[in-house]
Amino acid sequence: MKHDQITEQTIKELVDTFYGKVRADEQLAPIFNRAIGEDWSEWKTHLQTMYAFWSSVMLTSGRYHGNPMGKHLALPPFDPALFDRWLELFAETADEIHVPEVAEEYKFRSRRIAENLKQGLAFYRMQA
């Protein structure tokens with residue numbers, strides 16, 4: 001049954017499902033494994049951060065206190081087209097977990113986040 005509300009538990013379900021797909025994806029897994037590691041204990045830390053991030057984005061909980069742009073700038077350069085793959089998997093997961101109205105809100109916000117990151121990375125890397 002698809003969820004019609006966003007809660008901390010549904011955020012956890014979405015994040016866990018999504019990053020399970022990322023870890024199995026031939027395009028995204030190498031990038032994430034280099035950044036996070038391949039060991040489950042390393043991923044658990046990242047997932048906790050993502051629960052807080054999406055809680056702050058979707059529930060305005062204020063749980064996330066990080067710097068997404070800084071984290072992405074610290075990565076070795078990667079093809080910005082990978083954001084499209086990330087968005088594809090994220091949208092697929094949102095559609096699986098939530099009713100259409102809720103999934104659309106996740107997809108809208110994820111597109112905005114991805115676009116901001118792409119633009120910010122391009123700007124900062126041009127300055128370097």
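The structure is a predicted model, in which local features need pLDDT of at least 70, side-chain atom pairs count only at pLDDT 80 or more, and totals for chains, interfaces and linings use all residues. Residues are numbered from 1 along each chain as its sequence is written, and side-chain values use heavy atoms, with hydrogens and water left out.

The protein chain holds 6 helices and 0 strands, helices (H or I, at least four residues) and strands (E, at least two) being DSSP runs numbered from the N terminus. The radius of gyration, taken over C-alpha atoms, is 14 Å, close to the 14 Å that the globule rule (2.2 Å times the number of residues to the power 0.38) gives for 128 residues, so the chain is as compact as a globular protein of that length.

| Property of the protein chain | Value |
|---|---|
| Span of the C-alpha trace along its principal axes | about 45 × 30 × 25 Å |
| Accessible surface (Shrake-Rupley method, 1.4 Å probe) | about 7,500 Å² |

Of the 128 residues, 41% count as buried, meaning under 20% relative accessible area with a 1.4 Å probe, protein chains only. A nonpolar core is a set of buried Ala, Val, Leu, Ile, Met, Phe, Trp, Tyr and Cys residues joined through side-chain atoms within 4.5 Å. The largest such core has 37 residues, of which Val15, Tyr19, Val22, Phe32, Trp54, Trp86 and Tyr106 touch the most other members. The largest share of this core, 9 residues, comes from α3. Leaving aside residues up to four places away in sequence, Val22 touches Leu28, Ala29, Phe32, Trp43 and Leu89, a contact meaning heavy atoms within 4.5 Å.

Terms used. Buried < 20%, exposed > 50% of the residue type's maximum accessible area, 1.4 Å probe, protein only.
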